[in-house]
Amino acid sequence: MGSHQKPSTAGKPIRCKAAVCRVAGAPLVMEEVTVAPPQAHEARIRIVCTSLCQSDVTFWKLKDFPGITPRILGHEAIGIVESVGAEVTELTEGDTVIPVFLPDCGECSDCLSKKSNLCSKLPFKVSPWMPRDGTSRFTDLDGNTIHHFLSVSSFSEYTVVDIAHLTKIDLDGDVQMNRACLLSCGISTGVGAAWRTADVEEGTTVVIFGLGSIGLAVAEGARIRGAARIIGIDMKPEKFDVGQLEDFRVQMVALSCLECIELQVINEMTEGGADYCFECVGLPSLMEEAYACCRKGWGKTIVLGVARPMSEMKLECFEVLHSGKILTGSLFGGLKPKSDIPMLLKRYMDRDLELDKFVTHELDFKEINTAFDLLIEGKSLRCVMWMDR
Ligand SMILES: [Zn+2]
Ligand SMILES: [Zn+2]
């Protein structure tokens, strides 16, 4: 299309700003980095907006592997293709893309199956490298390697992403970048878990453990499906304003600690157990409670929370045998990025799916450490950062 005003950067390294995690748990350092050109099956992306997700905070704090430094975190974003590497036919310069941590190769038997979103050609792993050749595209100004994060690394003005992790979207009309970027991780995960993994039906009862963005996105998905009752369980009632929870149709059960859930209370509220329970925190004890709270015979418990590596949950074998309940995990809400993100975007454009109410803050990229503070203090749901302001 048309002539370029600027000389093409394709095939050349790009120097740009990035927020680098130099020390686990310490403020990110805004510095100049070099982003190498994309290799085969890769695209280099100019990030337009990125938002902060809980997993960024989890890995930022992690001192031991899979935590690693220096690293460019960030995995919820939207951007424009700057250039593509060899063998890339599905994308071209100027395309708008949403990167996703979960690969969708479109070729393997799992990607071709309707039953799974877990690619076996490029299996999902928390790796500090590019997925195909195990190297990095980032270096600092001293020439030292900087690591990737979840195959995205969006806390950089430019990043390189494998095409299996990129979904092209059509920006017809006025899709706002600061809304569409939410479909890159948290909101898709919550809504997808309600629609695809649980398949919530009209008139049912849903209990959500943990009312962060993912928990509230589950509530949004359940609301659209016509759930009769959405009960939210959390222990920090002061962080919610009641009007906001009403927007999500969530009835709050506030606890003084997450370990003190009264099964009896939930049982009475749900008249014998919820149809669907969602664990959105990542605590083994809460996963056990969620399983205990869902209805015998058909209740489904969906685990969305990311627990500490190697942690285990306990289930009584007799209970499993006698209760006939379903327990399952769900990555990216069971959605296939390349087909389901455009579907979610259309639902948003049709004013069916709500994204606006998740964006509580917008900041400039240079204020990224403030975005971390807001999320850690429980003051934000989604804080969207603009790269070029
Ligand atoms: Zn695949
Ligand atoms: Zn995320």
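1. Let's start with the record: an unreviewed UniProt entry marks residues 40-169 as "domain: Alcohol dehydrogenase-like N-terminal". UniProt positions follow the numbering used here, feature names are shortened, and such annotations may be inferred rather than shown by experiment. That stretch is 9% helix and 28% strand, with its end C-alpha atoms 22 Å apart. Helices (H or I, at least four residues) and strands (E, at least two) are DSSP runs, numbered from the N terminus.

2. A quick word on what you're looking at. This is a predicted model, where local features need pLDDT of at least 70, side-chain atom pairs count only at pLDDT 80 or more, and totals for chains, interfaces and linings use all residues. Residues are numbered from 1 along each chain as its sequence is written, while chains are lettered from A and ligands numbered from 1 in the order in which they are written.

3. Now the whole chain. The protein chain has eleven helices and 17 strands. Its radius of gyration is 21 Å, close to the 21 Å that the globule rule gives for 389 residues, so the chain is as compact as a globular protein of that length. (The radius is taken over C-alpha atoms, and the rule is 2.2 Å times the number of residues to the power 0.38.)

4. Next, one of the sheets. Six strands line up as β12-β11-β10-β13-β14-β15 in an open sheet with parallel pairing. At the edges sit β12 (250-254) and β15, each pairing on one side only. From one strand to the next, the twist averages 20 degrees. Two strands count as paired if DSSP finds at least two bridges between them; β13 and β14 have four, in the parallel sense. Tyr 276 stands opposite Lys 300 in β14.

5. Have a look at helix α4 (residues 186-197) too. Is α4 mostly covered or mostly uncovered? Mostly covered: eleven of its twelve residues are buried, among them Ile 187, Val 191 and Trp 195. Buried means 20 or more other C-beta atoms within 10 Å of the residue's own, exposed means 12 or fewer, and partly exposed is in between, with C-beta atoms placed from the backbone. The buried residues of α4 pack against several elements, including β4 (76-84), α5 (213-225) and α10 (337-349). Contact here means that two residues' C-beta atoms, placed from the backbone, lie within 7 Å. Just after α4, Asp 199 takes a positive phi of about 55 degrees.

Terms used. Axes are lines fitted to C-alpha atoms, for helices over the stretch in contact, and angles run from 0 to 180 degrees between N-to-C directions.
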